Amino acid sequence: QVQLVESGGGLVQAGGSLRLSCAASGRTFSSYVMGWFRQAPGKEREFVAAISRNGIYTYYADFVKGRFTITRDNAENIVYLQMHSLKPEDTAVYYCAAAMANLPYGLVLSRGEYRYWGQGTQVTVSS
């Protein structure tokens, strides 16, 4: 089992940057594909980014490509989401999640395949 705790959210002006962190418990962090999702008020939770177990392969939703970067540190059991050029429409609660994966270079994009979720961290971008 993996427990996930997000941090780093806050209030930022449009065009600003934030870095979200997600700390994972347990000794099997490197066995999981890690993902970031977000949920805005009144909307469904949506995929933002994912990173493979070995940290080499990543995938992004179109609306964050070129602005957000997902990385992970398997020695420290942490996954990050660096966000630049933030827009008001990025306002949401951001969640990190973990999905089991057999292959070190695979990715998981479907929300339903993520088994473990953090409690979320609020990101608010003012115009």
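Reply: **Strand pairing and salt bridges**

In this predicted model, four strands make up an open sheet in the order β1-β3-β8-β7, with antiparallel pairing. Its edges are β1 (4–7) and β7 (68–73), each of which pairs on one side only, and from one strand to the next the twist averages 15°. Strands here are DSSP runs of E with at least two residues, numbered from the N terminus, and two of them count as paired if DSSP finds at least two bridges between them; the angles, taken between N-to-C directions of lines fitted to C-alpha atoms, run from 0 to 180 degrees.

Two points on provenance apply throughout: residues are numbered from 1 along each chain as its sequence is written, and side-chain values use heavy atoms, without hydrogens or water. Because the model is predicted, local features need pLDDT of at least 70 and side-chain atom pairs count only at pLDDT 80 or more, whereas totals for chains, interfaces and linings use all residues.

Turning to β4 (residues 32–39), seven of its eight residues are buried, so the strand is largely enclosed by the rest of the structure; buried means under 20% relative accessible area, exposed over 50%, and partly exposed in between, with a 1.4 Å probe and protein chains only. β4 pairs with β9 (residues 92–100) in the antiparallel sense over eight bridges, V33 standing opposite A99. It also pairs antiparallel with β5 (residues 46–51), over five bridges, where F37 has F47 as its bridge partner. β4 and β5 form a hairpin with six residues between them, and G42 in the turn has a positive phi of about 80°.

The charged side chains can now be followed from this hairpin. R38 and E46 meet in a salt bridge at 2.8 Å, N to O, a salt bridge being a side-chain nitrogen of Lys or Arg within 4 Å of a carboxyl oxygen of Asp or Glu. R38 is buried at 6% relative accessibility, whereas E46, at 31%, is partly exposed. R67 forms a salt bridge with D90, with the closest N and O atoms 2.7 Å apart; R67 lies in the loop between β6 (58–60) and β7 and D90 in the loop between β8 and β9, so the pair ties together parts that are 23 residues apart in sequence. Both count as buried, R67 at 10% and D90 at 0%. R38, E46, R67 and D90 are linked in a network of salt bridges.
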